[in-house]
Amino acid sequence: MRERIAAAALAAGREPDGVTLVAVTKTVAVDDVRAAIAAGASDLGENRVRSWWRKPRRSPGVLASSTLTGSTTHGLARWHFIGRLQRNKVRAAAPHVALWQSIDRDELAAEVGRRAPGASVLVQVNVTGEPQKGGCAPDEVESLVVACRAHGCRVEGLMTVPPALGDPRPVFARLRRMTDDLGLRVCSMGMSGDYELAIAEGSTMVRVGSAIFGPRPGPADARR
């Protein structure tokens with residue numbers, strides 16, 4: 001997988017180590033997660049808080065900006081929260097999360113800032129306005145970034161999930177422009193079925209699950 005990511009980056013005229021691979025472990029067995037960590041996976045993504053009680057995790061701590069690259073640290077897991085998040089789940093998740101990838105509203109940012117002061121976050125953007133998906137509207141992104149900072153969160157960048165059908169490249173290109181316009185560094189986009197297209201459009205972080213661990217159930221998130 002890292003070789004394919006590196007090849008996609010090189011084809012886009014980018015440095016191979018400029019793309020972080022987040023291995024999405026939802027529904028993945030504990031032994032498979034341990035095997036992935038032993039093989040060099042350092043960034044892992046979960047979308048359910050209760051999953052952390054049975055999977056390997058590192059000690060609490062905020063993910064420093066300097067580590068948001070493609071480097072690998074054997075034996076350590078930096079956990080990303082990648083799913084839609086309820087406020088009442090933040091307290092339980094806070095000790096385990098290094099990067100909150102799905103901040104999409106002010107009250108959630110406030111709760112994360114209260115439970116995990118200085119937390120690294122990504123603002124999730126619903127670029128296409130699909131009602132079933134999380135994410136703030138594109139015209140709300142700048143104000144939400146400001147709100148996150150006011151609540152004590154460190155905004156590292158933006159994240160999006162494109163539609164399941166159709167060409168995702170216009171969505172990726174728009175998020176990349178928004179990331180640049182706001183002077184942010186992390187652009188998290190691309191999953192199992194489209195990560196190479198996302199890298200071509202400027203993604204700095206891809207969230208890949210089934211392409212690493214094999215197929216899993218779930219219609220909306222099957223490409224992760």
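**Terms and values**

Visitor: Why does R114 count as exposed?

Guide: The relative accessibility of R114 is 52%. Exposed means over 50% relative accessible area, buried means under 20%, and partly exposed lies in between (1.4 Å probe, protein chains only). R114 therefore counts as exposed.

Visitor: What kind of model is this, and how are its residues numbered?

Guide: The model is predicted, so local features need pLDDT of at least 70 and side-chain atom pairs count only at pLDDT 80 or more, whereas totals for chains, interfaces and linings use all residues. Residues are numbered from 1 along each chain as its sequence is written, and side-chain values use heavy atoms, with hydrogens and water left out.

Visitor: What makes the pairing of E111 and R114 a salt bridge?

Guide: The distance from N to O is 3.3 Å, and a salt bridge requires a side-chain nitrogen of Lys or Arg within 4 Å of a carboxyl oxygen of Asp or Glu. The pair therefore qualifies. E111, at 9% relative accessibility, counts as buried.

Visitor: How are E111 and R114 placed in helix 4?

Guide: They are 3 residues apart in helix 4 (residues 106-115), so about one helical turn separates them. An α-helix has 3.6 residues a turn, so residues three or four places apart point the same way.

Visitor: Which residue forms a salt bridge with D104?

Guide: The partner of D104 is R105, with the closest N and O atoms 2.7 Å apart. D104 is buried at 15% relative accessibility, while R105 is partly exposed at 26%. D104, R105 and E107 are linked in a network of salt bridges.

Visitor: Why is E156 called buried?

Guide: Its relative accessible area is 5%, and E156 is therefore under the limit for a buried residue. E156 forms a salt bridge with R154, the closest N and O atoms being 3.0 Å apart. R154 counts as partly exposed, at 34% relative accessibility. In the whole structure, the search finds 11 salt bridges.

Visitor: How many helices and strands are there?

Guide: The protein has 8 helices and 8 strands. These are DSSP runs numbered from the N terminus: helices are H or I with at least four residues, and strands are E with at least two.

Visitor: How do you know that the span of helix 6 is close to the expected value?

Guide: Helix 6 (residues 169-181) has 13 residues and reaches 18 Å from its first C-alpha to its last. The expected span is 1.5 Å times one less than the number of residues, and for helix 6 that is 18 Å. Just after helix 6, G183 has a positive phi of about 70°.

Visitor: Which residues of helix 6 are buried, and what covers them?

Guide: The buried residues are V171, F172, A173, L175, R176, M178 and T179. Their cover includes helix 5 (141-150), strand 6 (154-159), strand 7 (186-188) and helix 7 (195-200).

Visitor: What makes a group of residues a nonpolar core?

Guide: Such a core is a set of buried Ala, Val, Leu, Ile, Met, Phe, Trp, Tyr and Cys residues joined through side-chain atoms within 4.5 Å. The largest here has 35 residues, and W100, V112, V121, V123 and C148 have the most contacts inside it. Helix 5 gives the most to this core, with 5 residues.

Visitor: Which residues does W100 contact?

Guide: Contact means heavy atoms within 4.5 Å. Leaving aside neighbours within four places in sequence, the contacts of W100 include F81, L85, V90, V112 and V121.
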